[in-house]
Every structure is written in C-alpha cells, then in structure tokens.
Amino acid sequence: MFRRRRRADDFAEEIKSHLELEADELRSEGLSEDEAHRRARVEFGNVQTAQERFYLRSRVLWFDNLLRDVKFAIRQLVRNPSFAVVAILVLALGIGASVAIFAFVDAALLEPLPYSNPNRLMAVSESSVESPRWPLSYPDFLDWKAQNKSFTSLDVYSWSGFLLSAGSGAEPVRAMRVSGGFFQALGVHPMLGRDFNPGEDRPGGPNVVILSYGTWVHRFGARLNLIGQTVDLDNNAYTIIGVLPRSFSFAPGGNAEFWTPINVLSPHEHSRTFYPFLGIGRLRDGITAQSAQTEITAIAKQLQREYGITGRDLSANVAPLSEVVVGDVQPILLTLLGGAGLLLLIAYVNVSSLVLVRSENRRREIAVRGALGATRARLVKQFVTEGLLLAAFGTGAGIILAAVLIRLLARLVPKDMASNMPFLDGVGPNAHTVAFSAGIALLAALLLAATPVLRLSFQRVRDGLSEGGRGASSQLWRRLGANLVVVELAIAVVLLAGAGLLGRSFYQLLHVPLGFDPNHLATVEVAVPGAVYTASGQATELYREVVSRASSLPGVESAGLTRMLPVQCNCPTDGIRIEGRPYHGEHNEVNERHVNASYLPTLKARLVRGRFFTEADDSSMPGVAVINQALARKYFPGQDPIGQSIADDEGGRPSEWQIVGVVDDIHEGPLDLDIAPTEYFSVNQTGDHNFTLVVRSSQDAGALLPMLVSMLHQIDPGLGVSDEATMIDEIDATQAALLHRFSAWLVGGFAAMALILGIVGLYGVIAYSVSQRTREIGVRMALGAQRRSVYGLVMQQAGWLTAAGLAIGLICSIGTSVLIRSLLFGVQAWDAVTLVSVALLLGLASMSASFLPARRAASVNPVEALRAE
Amino acid sequence: MGRMPSQHSPDDRIAILQGTLDLLILKTLVLGQRHGQGIARSIQRQSEEVFFVDHGSLYLALQRLEDKRWISAKWGVSENNRKARFYSLTAKGREQLLEKTSEWQRLTRAMGLILDGGSSREEV
C-alpha cells in the first residue's frame, strides 16, 4: 500500500530532461542552440511553480485538515467556555474516580502477591464447620508435609512477639515463627545474609533470626556488617543471619519485624489438638487446588482415625493465597469499582446530553455551513474533532484527578491496616491501569463523537434554516434528552440507595450494643519479660502494683487488666466440656479471656448473676470462671450455671473451673460478628505474663495515655509498653469499623456527585424545554391559561421524568443491594427506610431543580413571546 | 485545477479542461511508452495545436496517475541518447481509458445535442 514517496530532486531531474529533449527537438526544427533552450523554457512555463506544486501535493493532506479541524474545534469550545469547562469537569470527575478505584482494584485483586509464580501458592489449613480456615496443629503439619504429593513444599507460620532489649529498656516487637522452607516457598531470598539452613527449624535448633528490611534500617542503621551479630530477644541471644529485601511483605504477617524458625515448641504445640499454625503450599505442576484439597482432606481424615481424634469434624482447606490475603477487601473494592463505574456512566450521559443541547443550539450554524457547501462528511468531521478534543481534555484532567485521589485514598487507610495490605504499595500507573484509562478515554471519545453525528444524521441539515425550527428535530432531542435524564436519575437512585444502605450499616455497626461503656477508657499493652517474672507469684505482685498505681493517678476512677481487649477478635478460644455431663469429644468452642478482679467493673460490665472475681481468687484457690450470657444460654439452657463447673483439656493449669458469675454479653469479637460464648478466668490463676491495662478516667482518656506509659516504665523499665490508645480509637481502628466507614464514605461521595449530576441534567432538560416552548406558553397564556397551570405544565414534565427515573432506579437498586449484601450489617437489601428516604430526597431535589424553569415559564410575557417570532 | 501559466498566451490555443488531461495522457500511452516531453508534444500535435499543455500540470497529472497505478514509470534513455523518465499504461490504466473514453463520448454527444438543438429552436 505504501510505496516510497518520489523525491523532489527526482522530479526536478525529470523536468531538466524534458527541457533538454524539447531543446533537441527545437534544434532539429532549425533553431539555434540558444534560441532552442530559451523556447523550451518558455514553452514549459514556470519551472519553480511546478516544483513547488509537486512538493505541496506530497504533503500529508489529512494532517493539514486535522490541524484545521482542531483549531476550529478549540475556537468553538473557547467561544462557549462554560460548556467546555462543565463538560471537561464532569468527564474528569467520572474518569478520575474510576481510574483511581481501578488502580486499587488492580493492585489488590489482579496483582496481590509479590512472589514468584504467586498463582501456584495456596493457603493450606484445616477446615471446620465454624471456620473454613481452621489452623493446623504441629504434628498434623509434619504428617501432611511428609504424606502429601500435591505440593512441592508445605510450610507453616504463626504470629509471635518478643521483648527486644534495647538501650532504653525493653520494647515489644512483632515477630513471625515460620518453618524452614517458608521463604523458599514464596520464592523470596534475603538481600543480605542467608535463608534458614535445613535443620534449623527442628526442635533444639539454633537461635537465629532474619530481619525485615524496615527493621534493619530503623533499628540497626542499615549496617552491612550486621550479619552474624546477635540481638537480645526475650533475654535470649539470637544470631542475625539475614535481611529480607525491601519489596518483601507477607500480608498475613502484618508488619512483623523478626522472623524465626519454629524450633522451640511450647508443651501445647506438641499436641495434635492445639491449632496455632497456618500453612502455605506451592502446588506441583499439573495439580489443581481442588485435587490438592481432596488429597489433604483424605490425609487429615486418616490421621484423625489413626490418633482417635473425635468431636471436631475437621477436613482440609486449600485455597489460593491471594484469596486469603485479599479476602476482606474484595467485596468493598468491587463495590467501590461498581460505584465508580456508575458515576462514570452518569458523567458520560451527562456530557452526551450537554453535547446534544449544544448541537441543537448550533442547528442554524450547521445549516448555514451546509448551505454554503460544507459536505456532511466535513460537518461530521468537525463535530467528531470537537468530541475527541473534549474527551482528550476530560481524560487528561481525569487522570490528574485520579493521581490525586489515589494518594488521598491510600492515606485514608490506617497504617496498621495498610501493613496487612502490601498490595497498596503497588497502586499506581502500570500496564493494567494505563490500558484501563485508555479504554475509558476511547469510550468517552466514541460517545462524544457519536452523539452529535447521530444527531446530524437524524436531521435534515437544511431544516435548521427555517426560522423557529420547532420541527421533528426538537421533538427528537426532547425525547432523547429526556431519556438520558431518566438514565441519570436512575443511576443516582442506585448510588444513593447503596450509600444509604452502607451508611445505615455503618451506623448500626457503631451502635451495636457493646455490653460495656467504651468512653473514657485508656488502654496500654504491656509485655512482661517471662525470664524475669518466673514464679507466678511475681507476676501477680506486678499486676497488683500496676493496678493500684494506675488507680491512684489523678482523674482515674478504676483500672483493670485483660489479656485481650474487647471488640477485637473472637480469639483466643478454648474447647470446653461441662463437668458431670457425658463427653464424647464434642468441640465446644468458646472465647477465653484472662482478666483481673477489677477489669469487668472497670468496663462497667453488667453482672447478671453471682459475682465477679476478687483478689482472693488466686493460684492457691480452686479455679473459678465468669461466663457470659451467650455461654449460659448455649450450654446451660434453663439451668442455673452458678456452681457448675466447666473443664478444658489444656495442660499446665487447673483444668476445672467453677462458674461463680454470669456477665451480660460483652462484645469481645469484631463488631460485625455475633456475640460468641465467652469464659473469663482470673489472671491470678492462669499464670499469664503479657496483659493490657485498661483504665477508666473521669476526664479525657487520651490525656491519660502518656502518664500510664511513664508510670509503667517507673514500675519496671524492662516492661514492654506499646499500643497506647483510647478504647474508642481501638474500636474505630478495627477492620470491621474501617471497612464499613470506608465504603460508606466513598459510596456516599459517589452518590452525592451522582445526585448533583442527575439534578443538573434534569434542570438542563426542563430549562431547555421551557426555552423551546416559550411561544407555545405565550399562546396558552394569551388564550387565558393561568400562571398556575403553566407551573403545572412544567412541573408535570419534570415529575414524569423524576418518577420514571425513581421507578427504574429503585428496581435496579434492589438488585445492586443484593450484590453488596456482604457489606451490609443490620440492614436488609430492601430496607424500606432507605429506599423511601432516597425517593424523597431525589423527589425534593428534582422538584426544586425544575422550580426555577417553571417560574421562568410562568413569568413569560405572552405579548413578548409572540412578538419574538 | 490547473494554475494558468503566468504569461497569457496571445494565440487562440485552449487550456485543457479540468479532468480531461488524464484521459489524454492515457490515450497517448496506448501506443507504447513515452516520456513527459513526448506526451506533451503528442497531445499538442494530435489536437492540431489547439490544446495548450501547461507542463507543470502535465507532470503533476503524470504523478497522480502513477500514484493511482494507472501508469507506471521508469528511467531510461531516449532515441537521441538523453536520460528520460518513461511512462507506460498498466492494466488498470487500460481499463480506466476505456471507461473514461466512453464517458467522454457520452458527454460530448449530450453537449452536442443541447447546443445544436438550442440554436435550431431559437430560430423559430
């Protein structure tokens, strides 16, 4: 198709040869040499002009035309800046929001794992009726690892923590215990030093530790000679053998700083029924997750038979690791993407109708240009250029907006949570986001180019010349514009309903009965060095001193201790049985909390029966327990639990606990989960070390926090003090609260924008229709129509459009609400209150938007309206 | 299309009508390949010196026809040993020639009918 262009000097050569040939011929006709040359030149005409024309014709014509069209389009847009600005802003809004959200979705759902061959990595765990991801026991792990043929490697990890001895005292640090092949399974190599050696993860293995990159930089000054040196963890010397690369993160591990091999097992961990570990496996080639699950399940069942483990019906669960990492965020991200998509749609529709109005207003200009000889193709080209230009500017502005939004959104995610979402680092421009943006831009371009072209082809150009032009064309526009507005309103309804439901869910979540008073509570986590406080009596003394010193701080009403704050987690748990009842190894799972005597009163928990703990409930006395009402209801229906005993099967402590009290349900687990049965033990009888101090203040709890920290350090500089926060902040920072807050606010934002766009669209249609009907209204009024009936005329039109939009929107929103039901809490997808409120809001907004044009219509002066023709 | 040469020809030669130059070139090439100067001479001679060929336009027309692949060109040597660019008809060009010729004949016939008929009626 494309052959090489002929060059201008070749052309000049041809002309030269022409002149010579001509001169030859003239000479042969008898002219002198000079005369022949002169005549040849004269005959040819202007050589320069010919060459110039040759040069000009070889220029790219379409480019010249394009340039001209673009210049013309810019002139058109500048002539009507409000149209251009509004159209570009609306486009930018839609495009910006969706590109930003897509960037997150891409990072989270498409590229969540920064490992080699991440799609072959599986999360491997046991699975029970209560929880599909039931952790593994250590003996089971060893057997699974030895017997399976599905995985090239199988490894486990578990959270832990150390007290790091530093110059200023002890500091609690987060750590992970992993089996030896863990990093190899992920395909991660330490950037400094080495990975664990084979055998280092066997019981009795050496104390070695691998550091996270951040730890290496912040705690050890990024020293290159660090490898081989020791660090003091829990008063044991650990040899630093490696530093992980900067890009490494392991979402389930959060921001763990120290990674140690599992080579010290607690007495519990030797048990086949103690489940602290989670597994990751790398699938062998050709093996599917499904077949791996089948194999592991068979192995698990076999082991249960072999070791006579009954009661707990466990099978195995093999699922892609990415699902586990992304799990909680997936529905919210998809919801947000949907919301952003709807906003984009509304923006497209809005701008299309703007373009339509504009082409309507330029009807006469088009007609004049058509009459002056512009071909349809030429006119179409100009409109297309204008559309493309708008789309380009809109997309450009949208991408800038997206960049800003991405930063803002990433900052909205609290740090603690962000560390569980390593994929957040990957948010930004990459092949996917660029392709997505390009697709969206292309769609915008198509839409903006196609709309006026469609409009042009519907209209016979010369119709536009006839004055007034109330022909079929304005009819058509009215219908098309009206239909588009109905679409906008319907989308606005869908988004409003979604936002309403999510907002109500969030409200419900924050108003879940907690069973205690979270206000004015200050909390501090304390890690107690086990090597120092060896005898349980020493720990008891420490608890007493902490509580008594905290209670005597100014403004403090009371202080208590717990192992685990409420509203965090339905964990740790305990398997119990009821004394005096036949037991067949059923798994009775309950939350287990270790608290001191003053804890429950400090929370202002309500005692239902019996008593709370006292200081007398110590290790010298028989074990006592307080249970919550959920436990009482479930295991003692219709009985008085007081005086009965529960037993657990974990060694090392009194295994029998007499129930001395029943407390009204405290919300121990996450806000969006139901109350779980919970047992409370006295911390003086359980031999714990670490605890969280909870202090009720009569004033601002936040002001108390620094005082608590310094008080604890005064008691013992070796105590690790961390995570000081008020109870309200602790609750607000829980994943459940964050996710619901995030989705409610974002979808709320989308809905607000959608409402504004929809209402502006409606206003545009009504105002335009009034301006087109001025004469008609004039005639009506001249014939005696009252102003009231003119109002009615206009409002009725608006009313119909609104009603249609509402009806369609409400039906659709029930569908979409069902889609987002996993994000709903305490509200049904068809929540009547929300839907009615949305209808009212949109109805009111529409009516006020159409009131202005209606007023203009009613104030039409019939004389002037008729004279204007 | 054609820009007229800047100097006005004093004689009664006619500038070639828009669109007809292509046809004349194709016709000239039916007998075999020729260079540009030969084509110009041939058109002038065959029209009994009535047509005046603007050479600039001629060469642009040749270029255009070449771009359309109705004719093809290659450098060669003339009878009197001059280097020249020779043009020849392609198969596509031959087709076009037939089509354009019949078109032109219909046009001239129609023009003739009207012009002759009009004058005779006026006489009545």
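Guide: One term to begin with: the bend at a residue is the angle between axes fitted to the seven residues ending there and the seven starting there. Helices (H or I, at least four residues) and strands (E, at least two) are DSSP runs, numbered from the N terminus. This is a predicted model, where local features need pLDDT of at least 70, side-chain atom pairs count only at pLDDT 80 or more, and totals for chains, interfaces and linings use all residues. Residues are numbered from 1 along each chain as its sequence is written, while chains are lettered from A and ligands numbered from 1 in the order in which they are written.

Visitor: OK, so where does H26(A) bend?
Guide: At Phe851(A), by about 30°, and a proline, Pro853(A), follows within four residues. The helix covers residues 832-858 of chain A. Its 27 residues reach 37 Å from first C-alpha to last, close to the 39 Å expected at 1.5 Å a residue; the expected span is 1.5 Å times one less than the number of residues.

Visitor: Which residues of H26(A) are buried?
Guide: Among them are Leu835(A), Val838(A), Leu842(A), Ala845(A), Ala849(A) and Pro853(A). Buried means that 20 or more other C-beta atoms lie within 10 Å of the residue's own; exposed means 12 or fewer, partly exposed is in between, and C-beta atoms are placed from the backbone. An α-helix has 3.6 residues a turn, so residues three or four places apart point the same way.

Visitor: Switching to strands. How many residues of S20(A) are buried?
Guide: Seven of its seven, so to speak for the run 691-697 of chain A. Phe691(A), Leu693(A), Val695(A) and Ser697(A) point one way, and Thr692(A), Val694(A) and Arg696(A) the other.

Visitor: What does S20(A) pair with?
Guide: S11(A) joins it through six bridges, running antiparallel. Strand S12 (residues 556-562) of chain A also pairs with S20(A) in the antiparallel sense, over six bridges. Strands pair if DSSP finds at least two bridges between them. Thr523(A) stands opposite Val694(A), and Leu561(A) stands opposite Leu693(A).

Visitor: Why does Ala522(A) count as buried?
Guide: Because it has 26 C-beta neighbours inside 10 Å. Ala522(A) is found in S11(A), residues 521-527. Leaving aside neighbours within four places in sequence, its contacts include Val695(A), Ser697(A), Leu704(A) and Thr726(A). A contact needs C-beta atoms, placed from the backbone, within 7 Å. Ala522(A) and Ala725(A) are 203 residues apart in sequence, yet 6.1 Å apart in space, C-alpha to C-alpha.

Visitor: Now the other chain. How many residues of chain A are in contact with chain B?
Guide: 17 of chain A, with 18 of chain B. On the chain A side, helix H1 (8-28) and helix H3 (47-57) each give two or more residues, and H1(A) gives the most, with eight. That side divides into five nonpolar, five polar and seven charged residues. Ala, Val, Leu, Ile, Met, Phe, Trp, Tyr, Cys and Pro count as nonpolar, Asp, Glu, Lys and Arg as charged, and the others, Gly among them, as polar.

Visitor: And what is the secondary structure of chain B?
Guide: Four helices and five strands, in the pattern β-α-β-α-β-α-β-β-α along the sequence. Of its 124 residues, 26% count as buried.

Visitor: Which strands of chain B form the open sheet?
Guide: Three, in the order S2-S5-S4, with antiparallel pairing. S2 (34-35) and S4 (71-77) are the edge strands, each pairing on one side only. Seven bridges join S4(B) to S5(B), residues 83-89, and Lys74(B) has Phe86(B) as its bridge partner.

Key:
Two residues are in contact if their C-beta atoms, placed from the backbone, lie within 7 Å.
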